[in-house]
Amino acid sequence: MAINLHRKNAALFCAADILSIGIAFNLVLYLRTGMGPVIWPLLAPAVVFVVALHLIDGYGARTDMMSLDYASEHLIASFSAAIAMLLMTFVIIPHGFELQSSRAAILLSFAIAGPVSLGYRRFSSAKVAGHRGRRTIVFVGSMMDFELFSAECARMNATMPLVHANSSGKYEMLEGALQAIESSQLEAEAIVLRESRNELPVDVPMRLVQLYLQGVPTYTLEIFHQVYWKKIPLYRINPIWLFQEGFEIAREPVFERIKRLSDIVLSSVGLVLFSPLIAAAAIAIKLDDGGPIFFHQTRIGWHKVPFTLIKLRTMRVSEKTGDRYTQKADARITRVGAFLRKSRLDEMPQLWNVMRGQMSLIGPRAEWDLLVEEYARDISCYHFRHLVKPGITGWAQVNYRYGTGVEDTLRKLEYDLYYIRKFSFLLDASIVLKTLHVMILQRGR
């Protein structure tokens, strides 16, 4: 059912992507160089292309491939794959590799395969959208928990209908829901179990196993949050959660060392590459209002250690203390500053903070020390986010809008904790691609 269909679609997309790369490369190479059919040398670009699309959930069953955001991420991933392939071909792979005959051929091939692979994804998504919209999420829990879950689904723009199977009382609702799924009267996307002390009837776990084998997955509510929404629900957070499994980056020195080494290398390269842009921005800031070029502020970093963050100044200089948060169309933002914020170029001097070891390229946002004091009073376990170094960009930054206030901070914390628990270098690569998407669309504030 659902699981088998998801796997089948992912396999079909993967096969189609590999075929697209093969056709695109052979077509371009023939037209430009007259080369005959090439097969084995295309294994490298095919792998790079598949990995790039995997990083943006291009094979995910729950990815909205009809959205403009996904289209942008898909094309950015295709371009990034082309750049990665160029580096591999002309820097890493020894001389004599067949694809070294033309740099333009590699770029053109990915330029063809990218839009084509996006096209059949959108066509497929349009066909299954109506069918998937009829599938239901069955929630097993109390009425209060169901109401909270419904509100969260609405906030996350989940459109699938919900069915409540009350797990208290005599279980009539739960029994009815299971029978409807087993008899195919109800087509279920998933069954969600709210973690509680209430024990289920003896036969229910085995029936859930049978349904899972038939393609109807069962998730605890916490796992559902992680699988569908890529975040950790805060209701599960308590002081001992820190010591549970999953905090690889906080526990394993090897992760920290590799991440630190990559931070040093990439921030060094970034400072060299972006130095002309930083210099141009500095001149523009001076010409705009004659004030200082850089903005300094005390932020809280790894293990709650304060440090001075450096950014390009985007607001007017004033002795008065304004709003702690930047508002939309904030009058304090200069003309140059508006562009720097939207393009995220104001963040570039933070590469110096990364070089010094105060930040990482990727991690939770480094918050102002005054705001941290406020959040720590109002949010239980807020300091868990200081288990890792703050980053210039991060999972919360690319998944949630600019936040103002405790409620937004709570929502962003869910994504920060997901990053800390699920840390991997593939997740970091995914964040890089999504950050490029944010920068190109100028969604900063």
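This is a working chat about a predicted model of one protein.

Q: How many helices and strands does the protein have?
A: The predicted model has 16 helices and eight strands. The radius of gyration is 25 Å, close to the 22 Å that the globule rule gives for 445 residues, so the protein is as compact as a globular protein of that length.

Q: And what does the C-alpha trace span along the principal axes?
A: About 75 × 70 × 40 Å.

Q: What percentage of the residues count as buried?
A: Of the 445 residues, 47% count as buried. The accessible surface comes to about 22700 Å², and carbon and sulfur atoms hold 63% of that.

Q: What share of the contacts with a separation of 6 or more comes from residues 24 or more positions apart?
A: Such residues account for 73% of those contacts.

Q: Salt bridges next. How many are there in the whole structure?
A: A search finds 22 salt bridges. One of them joins the side chains of Lys231 and Glu414, at 3.2 Å from N to O. Lys231 lies in the loop between helix H8 (221-229) and helix H9 (248-251) and Glu414 in helix H15, so the pair ties together parts that are 183 residues apart in sequence.

Q: Are Lys231 and Glu414 buried or exposed?
A: Both are buried. For Glu414 the relative accessibility is 4%.

Q: Which other residue meets Glu414 in a salt bridge, at 3.8 Å?
A: Arg411 does, with 3.8 Å from N to O. Arg411 and Glu414 both lie in helix H15, three residues apart, which is about one turn of the helix. Arg411 is buried as well, with a relative accessible area of 17%.

Q: Which residues are in the network with them?
A: Salt bridges with shared partners join Glu152, Arg155, Lys231, Glu407, Arg411 and Glu414 into one network.

Q: Which residue does Asp416 form a salt bridge with?
A: Arg385, with the closest N and O atoms 3.2 Å apart. This pair links distant parts of the chain, since Asp416 is in helix H15 and Arg385 in the loop between H13 and E8, 31 residues apart. Both Asp416 and Arg385 are buried.

Q: Switching to H13. Which of its residues are buried?
A: In helix H13 (residues 369-378) the buried residues are Leu371, Val372 and Tyr375. Seen down the axis of H13, they fall within an arc of 100 degrees, so they line one face of the helix.

Q: What do they pack against?
A: The buried residues of H13 pack against strand E5 (294-300) and helix H15 (406-422).

Q: What about H7, which residues are buried there?
A: Val204, Arg207, Leu208 and Leu211 are the buried residues of helix H7 (residues 204-213). They cover an arc of only 100 degrees around the axis, which puts them on the same side of H7. Met206 and Leu213, on the other side of H7, are exposed.

Q: What covers the buried side of H7?
A: The cover for its buried residues includes helix H6 (172-182), strand E3 (188-193) and strand E4 (218-220). H7 is followed by Gly215, which has a positive phi near 110 degrees.

Q: Which residues have a positive phi without being a glycine?
A: Among them are Arg344, with a phi of about 65 degrees, and Cys381, also with about 65 degrees. Most residues other than glycine have a negative phi.

Q: Where are those two?
A: Arg344 is in the loop between H11 and helix H12 (350-355), and Cys381 is in the loop between H13 and strand E8 (391-393). Arg344 counts as buried at 19% relative accessibility, and Cys381 is buried at 16%.

Q: Arg313, buried or exposed?
A: Arg313 counts as buried, at 6% relative accessibility. Its place is the loop between strand E6 (306-312) and helix H11 (335-343). Leaving out residues up to four places away in sequence, Arg313 touches several residues, including Ile285, Asp289, Phe294 and Leu340.

Q: Last one, the surface. Which residues make the nonpolar patch?
A: Phe79, Ile83, Leu87, Val91, Ile92 and Leu107 make a nonpolar surface patch of about 590 Å². Helix H3 (residues 68-92) gives the largest share, five residues. Ile83 lies in helix H3 and is partly exposed, with a relative accessible area of 33%.

Note on methods:
Residues numbered from 1 in each chain as written. Predicted model: local features only at pLDDT ≥ 70, side-chain atom pairs only at ≥ 80, totals over all residues. Heavy atoms only, no water. Buried < 20%, exposed > 50% of the residue type's maximum accessible area, 1.4 Å probe, protein only. Helix = DSSP H or I, 4+ residues; strand = E, 2+ residues; numbered from the N terminus. Arc of directions from axis to C-beta. Contact = heavy atoms within 4.5 Å. Patch = residues over 30% accessible without salt bridge, like charges linked within 9 Å, V, L, I, M, F, W, Y side chains within 5 Å. Areas by Shrake-Rupley, 256 points an atom, 1.4 Å probe, with all protein chains shown as cover. Salt bridge = Lys/Arg side-chain N within 4 Å of Asp/Glu carboxyl O. Rg over C-alpha atoms; globule rule 2.2 N^0.38 Å.
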